Amino acid sequence: MTEFVKYSASRLKEKITQDSLTASDIASSVAVRYDKVEEKVKGFAHFNKVVLSERAKELDKKAISGALSKIPVVIKDNICVKDELTTCSSKILVGFRPPYDATVITKLKESGALLLGKSNMDEFAFGSSCETSCYAPTNNPYDTERVPGGSSGGSAALVAADETVLALGSDTGGSIRQPASLCGVVGMKPTYGRVSRYGLIAFGSSLDQIGPITKDVNDCAALLNVISGYDPMDSTSADIPVPDYMGSLVDNVKGLRIGIPKEYDTESMFFDKKVPVNETGVKIKEAIKLLKDLGAEVVDISLPHVKYAVSVYYIVGCSEASSNLARFDGVEYGYRDKEASSLIEMYKKTRGKGLGSEAKRRIILGTYTLSSGYYDAYYLKAQKVRNLIKQDFDNAFSRCDIIMTSTSPETAWPKGLKTKDPLLMYLSDIFTIPANLAGIPAISLPCGYDSQGLPVGLQFMAKYFDEELLIRAAYTYQQNAGWKRKKPEL
Amino acid sequence: MSHYITTIGLEIHLQLSTKTKAFCACPNSFGGEPNTFTCPVCLGLPGSLPVLNSQYLRHAIKVALALSSNVSGRMKFDRKNYFYPDLPKDYQISQYDMPLALGGHVDITDGHKTKSIGLTRVHMEEDAGKLIHDNKRASSYVDFNRTGTPLLEIVSEPDISSPEEAYRYLVTIKSILKYLDVSDCNMEEGSLRCDANISIRPKGQQELGTKVELKNLNSFKGVRDALIYEEKRQARMLLDGEVIVQQTRLWNEQKQASEPMRTKEQAHDYRYFPDPDLLPFTIDSVLVEEIRLSLPEMPEEKRERFIRDCGLSEYDASVLVSDRAMSSFFESCVKLYPEPKVIVNWLTGDIQGYLNANNIEFSNMKTTPQQLTGMIRLIDNNTISGRIAKEVLFDMLVTGNSADGIVKEKGLIQISDEGVIEQLAADVLNENPKVVDDYISGKTNALGFLVGQLMKKSKGKANPQLANQIIKKKIEQARE
């Protein structure tokens, strides 16, 4: 059987028209691929072949002619899909089936997309390696002994492993871009407010954003087209018209001013946690040179406050998370400890057993930073520094149109390497976090492989609501990059 | 209490009667089967997000303006974090350091002096659900129908110096709120709730005493009773040389006593922080002005107008304006029958008496202004006597029927036929020769007795003026 899921969405669309493929044909191809490689990848948190085949038949009956008609999409396990398991890869939400669709899911359904299932993730998106999931950790398709990145590791790995065509992730500090980078796929965190958060189970509400994880930049534009837009159910979504991002698939960076921040030098950002110089920087330099050759202008810029980004992020993110995760108390839904004999005991045992250690660590951190007597020193100060970081970007964008860095300081690392050292793990997101703090859009796309054959990703960041420029720059790079793409061997 | 000065501050929680809840589209209504007025947002389901109801904001601004509180230019919502099963998100959306409005005052009067009670702030927050305990099965249930109901918290300054003042403050604020038509203000149904802070200190001492917070106050009277109890309890402790500890106490209505709930050390750290789901926003000053212009006449202004334009007494005017429904009923009546004093007598007399005796809110009264003034006109045109009118009015209040119908149905039309009255008078005089003699010998009040007898014989239907005239005439005739 033809493995339709290997195609990009744009290619599959052509195939569907040419060969009059049904959703059921495509679902079968998904099932075949699943049987072949999922054991090695472990990207799904919830996948049911029977349900998928029924859903495909249903879809064929409805014959929706939307932009993503019959295109397979995987949904990160923290996005609510009506009546489907949605657990944030946490024991505390075991068995939880939301009675409603997230706004992005409504949009996907209206576009005719074929929803495959839910992808594995770090528990509540707390992590950069997919190892804090209550299920088995997801493996990197390029080397199954290595992590796929996180927290949207399942989504990125499934796209890379051709188990799906498209995927949705969520990005609070790099959770879309970093796994996309480590798995050699394209991932975008849109501007805060571009995509509705309604139905995304919150981690850091002022940082979270849903975004596409795709095989190429074209698909990224197509999926972004479907999920973007103002939502009256989300007060933080922006009432700003959405352009047709397909129009940004233009091969042209002539005159584009690309800012290279001097602070994004790996060594200076790693504090005392020095890591050996890796090949990531080399690949980024090659990409810069290519864009320069294509007519872009390279500008040195400075973002003096981004060195505080990780600290600020862990205060703001954990503070919000400590409050957002309070509702998992065993009262209404999800896991409840049966042994408890009093209310307080129920809370303690339910949360004690239902939440993993990284979730507890962040809840405790956030509870501390919001406590009376510490609020000013931590939360309030962090918010002030966050404003300074925003200003850094505003200033930088007066000198350049787009900022370019590597997405992750390193390529995929062996599983277990950082699980015992949370701080080292936190630093994996050092290059991605600033965009979340500022709220600006950013994209990660593959820019080659290191000597071990592991994907390297480059990151573009743009001004608020300028996803068009991100797509144009990324598309131009994609169309002109000289290195040869290779699929993971599974 | 003569040795001590009492200091009281009140926190009122007011449910606003918006069409939908504070942050979702669920109906905001009382009652209903448990958990039927709910949706992912008010159930706090994972992934759901709040969106501010614009009618909630308008109502809140209306109250703030009516209480002379300064509506802020910019406001935000904060999260108040604490665990409780009736709070589905385990945090309450409230306002901390940038509330809807700051300052303001409520003027209370004891009939002689007016005192201004300052307000600290007016802020918006969502209500929690309700726990239902089943002691037989040792289980508890949660009803989330009330979750997300829009509340306003009105915090007074510690300007109240007696339980009686606290009571008057509540009555006054309720009457203002009723005029705004934004809340049912029903303490029994919980649409108006009140917590009190009270401390006492020896006369002459400048700094305030240690405050105690009182909760579970379920009526205005309960607030007053609990404060009186607490005032005495604290005074006794001070007299005995005991130290008052800062604590929260629950009022026990049955025992008429307060009981300790938690001390300051046990107080929650609510970890307030700005709710990232609801961004700070600027309140449109055009909207505020629009609401200000649409405010109805407030009770104080109305009272003055009634005294000035209708010639009412201070007392009558105060009684009328204390209830918005009564004052507008009065105004409708005056339009139909321009004798304000006659109307106010019926309203504050028989009508209020009936409503109080039967525990009926004025707004739920069945009789209309057309019906009341219709009845008064029946007295004016001698169809019924004033005495019969009282009977007719009672029927009207019970049935909601008009005076005309009742009078006809019950045959209560006044007897003005002189022939009939003369026959009745003749009977009365024949039956009471001694009283007639008393009258002739100069005891003028004997006449009243004879007229009374005649009225009795006519079952109250005789025209009293005619009865009076005819009896007098007949006695004169008999003497001649």
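**Exercise 1. In this predicted model, work out what share of the contacts in chain B between residues at least 6 apart in sequence join residues at least 24 apart.**

Solution. Start with the contacts in chain B whose partners sit at least 6 residues apart in sequence. Then keep those with partners at least 24 apart: that leaves 68%. For burial, take the 480 residues of chain B and count the buried ones, which come to 38%.

**Exercise 2. Find out why chain B counts as more spread out than a compact globule.**

Solution. First, list the parts: chain B has 15 helices and 17 strands. Now look at the C-alpha trace, which spans about 100 × 55 × 55 Å along its principal axes. Finally, check the domains: residues 4-289 make up domain 1 and residues 418-479 domain 2, and the C-alpha centres of these two domains of chain B are 65 Å apart.

**Exercise 3. Trace the open sheet of 11 strands in chain A and find which strands stand at its edges.**

Solution. Write down the order, E1-E3-E2-E4-E6-E5-E10-E11-E9-E7-E8, with mixed pairing. Then read off the ends: strands E1 (44-47) and E8 (297-301) of chain A each have a single partner strand, so one side of each lacks a neighbour in the sheet. On average, neighbouring strands here are turned by 30° against each other, direction ignored. Last, zoom in on one pair: E5 (residues 186-189) and E10 (residues 442-449) of chain A run antiparallel, joined by 3 bridges. In this pair, A:Met188 sits opposite A:Ile443 of E10(A).

Conventions
Residues numbered from 1 in each chain as written. Chains lettered and ligands numbered in written order. Predicted model: local features only at pLDDT ≥ 70, side-chain atom pairs only at ≥ 80, totals over all residues. Helix = DSSP H or I, 4+ residues; strand = E, 2+ residues; numbered from the N terminus. Rg over C-alpha atoms; globule rule 2.2 N^0.38 Å. Buried ≥ 20, exposed ≤ 12 C-beta atoms within 10 Å, placed from the backbone. Contact = placed C-beta atoms within 7 Å. Domains from an automatic or database assignment. Pairing = 2+ DSSP bridges. Axes fitted to C-alpha atoms, helices over the stretch in contact; angles between N-to-C directions.
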